[in-house]
Each structure stands twice: as structure tokens, then as C-alpha cells.
Amino acid sequence: MSEVSGSVGLVWPGGTTGPGRQLKPVEINTDTDWYPSAIDNDGRVVGERTYDHQDLAAETYWDAPYTKDGVQIPGLPAHEGKGWLNDISPSSGVAVGTAMFPYGIPPITPVDQAQIWPGSGPMRTLPSLAPDGPAGAEAVNDQARVGGWAYDGDPYDGAGAPHPVIWTCALG
């Protein structure tokens with residue numbers, strides 16, 4: 001008998017001791033995993049769905065009451081839609097994350113790119129410190145101020161150093 005393992009997303013209702021609810025679809029197999037990252041005041045959950053152990057990550061969100069499948073958001077075209085969402089603002093619906101090829105190394109694949117999603121429509125790019133420097137977005141508030149990191153050059157050739165970054169006009 002072979003065992004199948006994988007990850008599913010769960011959400012627990014606040015203020016109760018009841019069981020968690022599984023985020024749909026519930027797929028437990030060796031090729032698909034779910035990684036919810038953050039939840040807003042309205043219950044929207046953001047994260048990623050991965051295929052083939054993170055080689056094909058896709059930005060995903062789930063809306064309460066979690067009776068429908070997660071919705072994949074079209075990611076940045078330069079990254080072939082690969083990436084994830086790390087955070088969602090408490091009440092404005094803005095989400096942020098990183099577009100990347102999880103096991104890719106530039107110049108074969110594009111450098112990691114910080115990204116922002118207004119809550120509908122297309123994903124948008126946040127500027128990097130250098131054209132060949134990767135960046136990622138980790139947190140966002142209701143005013144669309146975004147916190148993250150960026151390199152000032154190419155870390156793969158030893159020229160870049162990491163820096164904390166705050167994007168203050170992320171949707172402007």
C-alpha cells in the first residue's frame with residue numbers, strides 16, 4: 001500500500017472552539033499543495049497553490065464561507081504567472097507577494113519580482129532597486145504601503161546586497 005501526502009488549507013472561525021474548515025478544493029496528492037498565508041477582516045484568504053512541489057506556484061485566494069474552489073490570479077507574464085501572495089491588507093483587499101520561479105536561477109529565469117494585487121484585475125509589478133536585483137513584498141496595510149526586501153544588484157554574481165524596502169505609492 002502506498003501513502004499519499006500533501007498539504008491542504010484550513011481556516012478556523014474566530015471566537016469558537018469548533019473545527020477548522022478546509023479550503024477547497026481538497027486535494028491530497030503528491031503533486032498539489034495549498035499554502036494559505038494571510039486573511040483579511042472579511043475572511044478573504046491569500047496564498048498559493050503549488051504543483052510539483054513548488055516548481056509551479058500560482059497566486060490564489062479563497063473567499064468566505066469557503067464553499068468554492070480557490071481562485072488562481074493571473075500572475076506577472078514575465079514570470080509565466082508563477083509566484084505567491086504573502087499578505088493581504090486588513091480591510092482594503094490589497095494583497096502582495098513575490099513573482100518567481102521557485103527553483104530558477106537568473107539569467108535562465110527572471111529575477112524574483114515584488115508584486116501587488118489591488119483585489120481584482122491584473123497583478124502589478126513593484127519596482128526593484130536594480131534591474132538585475134530580485135525583490136519581494138511581504139506585508140501591506142490598508143493605505144497600500146508595502147514592506148519587503150530588494151537587492152541593489154545581482155546576488156548571483158556577488159554584486160548585490162539585500163535591503164529592507166517600503167513602497168509608499170504602491171498603487172499610485
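Buried means under 20% relative accessible area, exposed means over 50%, and partly exposed lies in between (1.4 Å probe, protein chains only). The model is predicted: local features need pLDDT of at least 70, side-chain atom pairs count only at pLDDT 80 or more, and totals for chains, interfaces and linings use all residues. Residues are numbered from 1 along each chain as its sequence is written, and side-chain values use heavy atoms, without hydrogens and water.

Start with the nonpolar cores. A core is a set of buried Ala, Val, Leu, Ile, Met, Phe, Trp, Tyr and Cys residues joined through side-chain atoms within 4.5 Å. The largest one has 13 residues. Ile116, Leu126, Ala137, Val146 and Trp167 have the most contacts inside it. Strands (DSSP runs of E, at least two residues, numbered from the N terminus) S9 (113–117), S11 (135–140), S12 (146–151) and S13 (162–167) each give two or more residues to this core. S11 gives the most, with three. Apart from this core lies another, of eleven residues, including Val46, Ile73, Leu85 and Ile88.

Now the rings. Rings of Phe, Tyr and Trp (its six-membered ring) pair if their centres lie within 6.5 Å; planes under 30 degrees apart are stacked, over 60 edge-to-face, the rest tilted. The whole structure holds two such pairs. Trp149 and Tyr151 form an edge-to-face pair, 6.1 Å centre to centre, with 85° between the planes. Trp149 counts as partly exposed because its relative accessibility is 25%. Tyr151, at 22%, is partly exposed too.

Methods:
Helix = DSSP H or I, 4+ residues; strand = E, 2+ residues; numbered from the N terminus.
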